Amino acid sequence: AALDGEKLVEFALERANKLEAKISRIDAIYLIDRVGQNQQMVSSELQKLALYNPIINKQNIDLLTTISPTSSIFNLIDSVFNGDLNKVLELYDEQRAQGVEPFNILGMIGWQLHILAIVKSAGNKTDADIASAAKLSPYIVRKNRVIAKRVGHAKLQDLINQTINTDKQLKTSTMDADLAIKNLL
């Protein structure tokens, strides 16, 4: 079974140890956030990092790994709700530089907003209950709860509606997709 959350962090710590490398829990979490929750990818990246330097830290992780599109979309949405327009545009441009198409980015934004809506509407339910009912990873629920606490229902609904409208416009007109998504963000 695929690992996620704390189990994946523990896996990363154990894998680094087997590779005779050292990584802190914080850096293991950072690595997973950066490369995604695919256990095989985490293992491969740890092996690469350990070969480069047995002391695995944030600087080496940034130097030798590529941000996964899913992780970056979470950061993009987080930056939207933080009002950090420069970071939003930087993350969008990173996605495009990695070859991710605007429609894929828009789809991932929709997916992220869907998860936020689930977490926001779940109220005081536990992360495990939300994850089980929505068939999501508890780790993803936990990460999204932080944003869900900061954003109001009206703001989230507004962004969902704007995302739907942008999707409709892109599918029914000849507007520039990059410009439309940047305007949405």
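Axes here are lines fitted to C-alpha atoms, for helices over the stretch in contact, and angles run from 0 to 180 degrees between N-to-C directions. Helices are DSSP runs (H or I, at least four residues), numbered from the N terminus. This is a predicted model: local features need pLDDT of at least 70, side-chain atom pairs count only at pLDDT 80 or more, and totals for chains, interfaces and linings use all residues. Residues are numbered from 1 along each chain as its sequence is written, and side-chain values use heavy atoms, with hydrogens and water left out.

**α7 and α11**

- The axes of α7 and α11 come within 9 Å and cross at roughly 25°.
- The two helices are therefore roughly parallel to each other (angles under 35 degrees count as roughly parallel, over 145 as roughly antiparallel, 65 to 115 as roughly perpendicular and the rest as oblique).
- Their crossing is left-handed: the near helix is turned anticlockwise from the far one by less than a right angle, whereas clockwise would be right-handed.
- Pro 102, Ile 105, Leu 106 and Ile 109 of α7 meet Ala 177, Asp 178, Ile 181 and Leu 184 of α11 (contact means heavy atoms within 4.5 Å).
- By class, this contact has seven nonpolar, no polar and one charged residues.
- Ala, Val, Leu, Ile, Met, Phe, Trp, Tyr, Cys and Pro count as nonpolar, Asp, Glu, Lys and Arg as charged, and the others, Gly among them, as polar.

**α6 and α11**

- Helix α6 (residues 85-97) and helix α11 (residues 177-184) have axes that come within 11 Å and cross at roughly 150°.
- That makes α6 roughly antiparallel to α11.
- The crossing of α6 with α11 is right-handed.
- Leu 89, Tyr 92, Asp 93 and Arg 96 of α6 make the contact with Ala 177, Asp 178, Ile 181 and Lys 182 of α11.
- The residues of this contact divide into four nonpolar, no polar and four charged.

**The two sides of α8**

- In helix α8 (residues 127-134), Asp 127, Ile 130 and Ala 131 are buried (buried means under 20% relative accessible area, exposed over 50%, partly exposed in between, with a 1.4 Å probe and protein chains only).
- They cover an arc of only 95° around the axis, which puts them on the same side of α8; the arc is that of the directions from the helix axis to the C-beta atoms.
- These buried residues pack against α7 (102-121) and α9 (138-150).
- The face turned away from the buried side carries the exposed residues Ser 132 and Ala 133.
- Lys 135 follows α8 and has a positive phi, near 55°.

**Glu 45**

- Glu 45 lies in helix α3 (residues 39-52).
- Glu 45 is buried, with a relative accessible area of 11%.
- Leaving aside neighbours within four places in sequence, Glu 45 is in contact with Leu 31, Val 35, Leu 64 and Thr 65.
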